[in-house]
Amino acid sequence: MAALLDIDRLALDLAGATDAAPLVEDFSLRLEPGEVVGLVGETGAGKSLSMRAAAGLLPAAIRSVAGTVGFRGTSVEAADTKGLRARLGHGICLLLQNGRGALNPFLRVQDQVSRILGYQGVPRRERASRAATLLEAVGLPSAEFGARYPHQLSGGQAQRVAMVIALATNPALLIADEPTTALDVTTERDVIGLLGRLCAERALGLILITHNLGLVARICRRVVIMHAGHIVEAGPTAEIFAAPRHPYTRALMAAVPDLETGRLPSPLEGTVPLRSEFGRGCRFLARCPLAQPRCRAAVPALEGEGRQVRCFFPLTAAARPGAALAAV
Amino acid sequence: MAPILSVSGLSRIFGRPDGSGRLLPGCHDIGFDLAAGETIGIVGESGSGKTTLGRCIAGLERPDAGEIRVASMSIAAMDAAARRRLRRTVQIVFQNPETALNPHMTAGRFVAEPLRNFGLVSRAGERARLAELAGMVGLRTEHLDRYPHQLSGGQKQRVGLMRALACEPEIVVLDEPTSALDVSVQAQVLVMLREIQARTGVAFLLISHDVAVIRSVARRVLVMYLGRVVESGPVEAVLGSPRHPYTRALIDAVPRLRGEPADPFRLSGDISLREVAAESCPLRPRCPLAFQRCTTLPPAFEPARGHAVRCWRSDPAAPEEGAGMARDFCSA
Amino acid sequence: MRALLATLARPVASLRGGDTLARAGLAIVIVLLLLALVGGFLAPFDPLRPAGAVLSPPSRLNPFGTDIFGRDVLSRVLHAFRLDLAIAGSAVLAATLIGLMLGGGAGYLGGRVDDVFMRLVDIVQSFPMLILAMALVALLGVGLVNVVLATAIVNIPVFARLARSQILAKRSLDYVEAARCSGASPLRILVVHLAPNILGPVVVQATLSLAWAVLNITALSFLGIGINPPTPELGLMIAEGARHLVSGAWWLSVFPGLALALTVFGFNLFGDALQDRFDPRRRGV
């Protein structure tokens, strides 16, 4: 069976760049129908940018320099913006951080949804009932919420309406970019839970872009971790969080405050390198406590089947500090 | 030892009662003490009134009722000169790094303001003091010559903290200082706060919606809901074995890396003033454990020393229906 | 003060590196200001005395021709332009200062003062500006000072409104409150923290208003209730020339008209280009 989404060796760079230091390099991601994948990294890791590129929505300052994006068996060059955009609303849909921003402030909730259904060719007399069904599915009874305007909704409710609008296009793949960052934890739990459930019910593929590792642990079977434009580790969420193999993954996990122990998180030193700071070697070099001379000379390849890691000296399962060094 | 900050009966209410008997936004009847060099966390959803409380303490908002005593002196009783001194003693760091700095000023000039206004160092000593402060918040001196748009979010937040510290305060109100930052930067800032406190003996009032952040930095915590403190006490007690349904729901909602709670406790709906009657427990419309007595506002019960809970389910003397359920809930 | 000046100078200087329109606007404004300064000395003849034959078409001696009294049109245009710019400039400057104080004060104080003040502004603004200026001149009497006054008064509401909205938007910003916590006095907050951040829109508005004020003054004079003859003034000259257009003496009104159009065009271009330069994020890294 063909993969739902198959991004192959995507590379992105500044539109006017003459030197080759791609912002995103060697980005490959395969998603089976109904699969839920988390895409994680700090600000500047290139996670949003990569997915925007796959949807043909790059900002003018950035262009795709290599790679292809396959969707349901048809492959399109990553540079073919028109070809990529044609898929938006026809199988691929985006869900953004600010739910209210995605809604027209002058339209009642039910009219927003009906309008999208209209674009999808749903006959006029069926639209109202279809809209009501969809709203019901996200826990917003149409009788109570259908007649409200966006400003009369809370942040969580607005995000749910945005979700309905995404679902109204009957997509096979949803790309959600930090959909709950602006919400309270309690609301976040509801929205993320709903998202996970809807995907399972409708066999909807989901890419959840987030900086919150806990959310990934909650609903994503698989996780992809990015740092400075490189995928550094990818694989089953449970396995990676149980025993991370890339030093970055480990450091990112250690930076999350732990509610059980109340331990002070251990900070990950430094910041994501800027494009001008990319060297010939591993882009995590400057922040890595385990860096070796070899890491300076070349970028390690993303290696492995099922569980992939981009590191010359991956941490072994017995994650004793320095164990990786001893093996050299 | 006398607390550095003592708040009692503090209320700041927005809007006028409309006769419907509904609760008004703001904060209602808040009281607590903050010791010198201590950190108290204030946690709650947006709309819980925690920011309003912080702004009242920082002097940016005038309370409608109640008393704020700083170093045993009541703010209301002060003359203008004393108020100005107090200004320096209580500082605030804002949530949004994008609006916290004057876009037309270099970081160094912005931070130098309080040094000059309060006459804290001589002009000659200014540069050295700025360098020292920069070191304290983990910035290099060259960052001081940059404009806000040339700094990253984390760096801007450090400049904001640096300005507060430049005033040589006794108390700093930190209003969601890390919620706009990446986890990696958040961890750096949290560690830095601990170091600064050890070095300067400043007391922090850490406002956050993230219980895990509060847990790792604060010693005591106030949990707020719709303007009222619903639970308070040492973090291990309040966040380790919560007694209030709201605290429990807040904790169970936090996403975890490994192992979610098997049977998470949930509230229904969103935080909203819409259906809340002024004299009832504010959580009543959302609480699955609500019963008859919840139509009146519960007093603060004290199940353990220093641990206070505003919930009828925690009433040790409750003879009537529901008490058994409370015990089940508390032991869960 | 240095900060204020730097806030002003930098965006203007940055226009040099802008697109063609921005550079054109900057060039026109510089030339116009230079002409206003030294134009009088460049004028080959006395603008009030005959300098050749009556109604002679443009020639090498009189590049813009002469008028019905034989006066040199070029010399008159140069003098007239300087006068118009001076009147417009002082009127807009007065309007800006008064508007900032009134609007800023109303915004800062709020409450009843604000309500009453804003309704007054609404009333003033409900009249077309030119009609209001005409009424004011009629009331105050024709003359140079009254033209300046009338032009200033009709411009005040625009600046008052602008200052008020800016103060309201900026006074509760985090960094302003942080400055308050830093022990800054209200005056210092106003001058150091608020002024540079509201200056951009004000300067842009002043530039655009200047263009409008020049038009307003020439219109008043054209209608005969502004500057009195024989003073050289663009509106007046266009009005005089218009009577002779049919007889073929096109140079009488066309050259002052062109000067007027160029002035308005130049300042509008400049103002528009300036608009997005006041964003500090556009300063170089």
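This is a predicted model: local features need pLDDT of at least 70, side-chain atom pairs count only at pLDDT 80 or more; totals for chains, interfaces and linings use all residues.
Local features need pLDDT of at least 70, side-chain atom pairs need 80 or more, and totals for chains, interfaces and linings use all residues; side-chain values use heavy atoms, without hydrogens or water.

Chain A contains 12 helices and 11 strands (DSSP runs numbered from the N terminus: H or I of at least four residues for helices, E of at least two for strands). Its radius of gyration is 21 Å, close to the 20 Å of the globule rule for 328 residues, so chain A is as compact as a globular protein of that length. The radius is taken over C-alpha atoms, and the rule is 2.2 Å times the number of residues to the power 0.38. The C-alpha trace of chain A spans about 70 × 50 × 35 Å along its principal axes. Of the 328 residues in chain A, 54% are buried (under 20% relative accessible area, 1.4 Å probe, protein chains only).

Helix H9 of chain C covers residues 234-245. Its 12 residues reach 16 Å from first C-alpha to last, close to the 16 Å expected at 1.5 Å a residue (1.5 Å times one less than the number of residues). Buried residues of H9(C) include C:Leu234, C:Met237, C:Gly241 and C:His244. The buried residues of H9(C) pack against helices H3 (73-109), H8 (186-222) and H10 (251-275) of chain C, with contact meaning heavy atoms within 4.5 Å.

Notes:
Residues are numbered from 1 along each chain as its sequence is written. Chains are lettered from A and ligands numbered from 1 in the order in which they are written. Buried means under 20% relative accessible area, exposed over 50%, partly exposed in between (1.4 Å probe, protein chains only).
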